[in-house]
Amino acid sequence: MDVNRPTWDRLRLELRIIGIAAPVTAMAAPLGGAILVIVMRATGAATEHLDLAAGAVLAGFAPLGTAVAACSIVGRDPGAELVMTSTVYRRVLFLRVGLVVVPAALVTLVDAVAFRALDAWPEGQGTGGYVLVWAPPMLWLVALAMLIAIGLRSPGAASGLIGGIWLAQDLMKRALLDHPVLRAQYLFLGVDAEVPAHEWTVNRIALPAVGVAAVIAAGLLLGRPERFVGSETA
């Protein structure tokens, strides 16, 4: 019965350190989006509008909310010096990020299943969309937000920059789709039914690839956790 107690004690400790705000913020977008789609369905919204709303929640707001919440915990550990004397700081930080991202990802997955059941589903998406609509942009946004926050030692700046990138992608759709490299990094391609299948596949592979590269880069920066000691983050 007590075999896993140290693990659970550690998780509870880390949750107390990061606070409740970050996980709640990460889950707010998919939960709020689910409520919106359910209300639209109950009030007789057109199928086209339901599909657009579901796509916006899965590919847009859920990844953005998760990324902002994840980067908010960077550099805010008042016991950084103690952490560095007992373990590798990047492991600690990645664990805390996981405690924020995993619940949000699970809620978003439940959203996807519920939306499909409610016939509120991005046009042209099959069962693979349960994960592929939202997971690649979520990984991309979270990884880049973490890299920016660690590089600048400023969660506030990272939140602003990642929000700006997200908004720019939303507003500059045509310009991004006309450029082959930028098209591969377009966050919302997964809900665009007019995109050829091969371009969709490239995009769904390219987004996680850049996300993984950003995670590796963030890990390398965290190899020098002394950068955070005595620094003020915003």
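This is a predicted model: local features need pLDDT of at least 70, side-chain atom pairs count only at pLDDT 80 or more; totals for chains, interfaces and linings use all residues.
A residue counts as buried when its relative accessible area is under 20%, as exposed when that value is over 50%, and as partly exposed in between. Along the chain, Ile150 and Leu221 are 71 residues apart, yet 7.1 Å separates their C-alpha atoms.

The view may now be widened to the whole protein. The structure contains 11 helices and zero strands. Read from the N terminus, the order of elements is therefore α-α-α-α-α-α-α-α-α-α-α. Of the 234 residues in the protein, 44% are buried. The protein exposes about 11700 Å², and carbon and sulfur atoms supply 68% of this area. Contacts across the sequence can be described as well: among those between residues at least 6 apart in sequence, 71% join residues at least 24 apart.

The next topic is the packing of helices. Two packed helices are described by the angle between their axes and by the distance between those axes. In this model, helix H3 spans residues 47-71 and helix H5 spans residues 89-117; their axes come within 10 Å and cross at roughly 170 degrees. An angle over 145 degrees counts as roughly antiparallel, and H3 and H5 are therefore roughly antiparallel to each other. On the side of H3, the contact is made by Ala54, Val57, Leu58, Ala62, Thr66, Ala69 and Ala70. On the side of H5, the contributing residues are Val97, Val100, Val101, Ala104, Thr108, Asp111, Ala112 and Phe115. What kinds of residue make up the contact of H3 with H5? They divide into 12 nonpolar, two polar and one charged.

Charged side chains also meet elsewhere in the model. A salt bridge requires a side-chain nitrogen of Lys or Arg within 4 Å of a carboxyl oxygen of Asp or Glu, and by this rule the count comes to two. One of them joins Glu199 and Arg183, with an N to O distance of 3.3 Å. Glu199 lies in helix H11 (residues 197-221) and Arg183 in helix H10 (residues 180-184), so this pair ties together parts that are 16 residues apart in sequence. Glu199 is partly exposed, as its relative accessible area is 21%, whereas Arg183, with 18%, is buried. A salt bridge is also formed by the side chains of Asp178 and Arg174, at 3.7 Å from N to O. Here Asp178 is exposed at 55% relative accessibility, and Arg174 is exposed with a relative accessible area of 53%.

Finally, the backbone deserves attention at two positions in loops. Asp119 is not a glycine, although it has a positive phi of about 60 degrees. Where is Asp119 placed? Asp119 is in the loop between H5 and helix H6 (129-132), and with a relative accessible area of 53% this residue is exposed. Arg153 likewise has a positive phi, near 55 degrees, in a residue other than glycine. The loop that holds Arg153 runs between helix H7 (135-152) and helix H8 (155-171). Is Arg153 buried, partly exposed or exposed? Because its relative accessible area is 33%, Arg153 is partly exposed.

Key:
Residues are numbered from 1 along each chain as its sequence is written. Side-chain values use heavy atoms; hydrogens and water are left out. Axes are lines fitted to C-alpha atoms, for helices over the stretch in contact, and angles run from 0 to 180 degrees between N-to-C directions. Helices (H or I, at least four residues) and strands (E, at least two) are DSSP runs, numbered from the N terminus. Angles under 35 degrees count as roughly parallel, over 145 as roughly antiparallel, 65 to 115 as roughly perpendicular and the rest as oblique. Contact means heavy atoms within 4.5 Å. Ala, Val, Leu, Ile, Met, Phe, Trp, Tyr, Cys and Pro count as nonpolar, Asp, Glu, Lys and Arg as charged, and the others, Gly among them, as polar. Buried means under 20% relative accessible area, exposed over 50%, partly exposed in between (1.4 Å probe, protein chains only). Accessible areas come from the Shrake-Rupley method with a 1.4 Å probe; for residues, only the protein chains shown count as cover.
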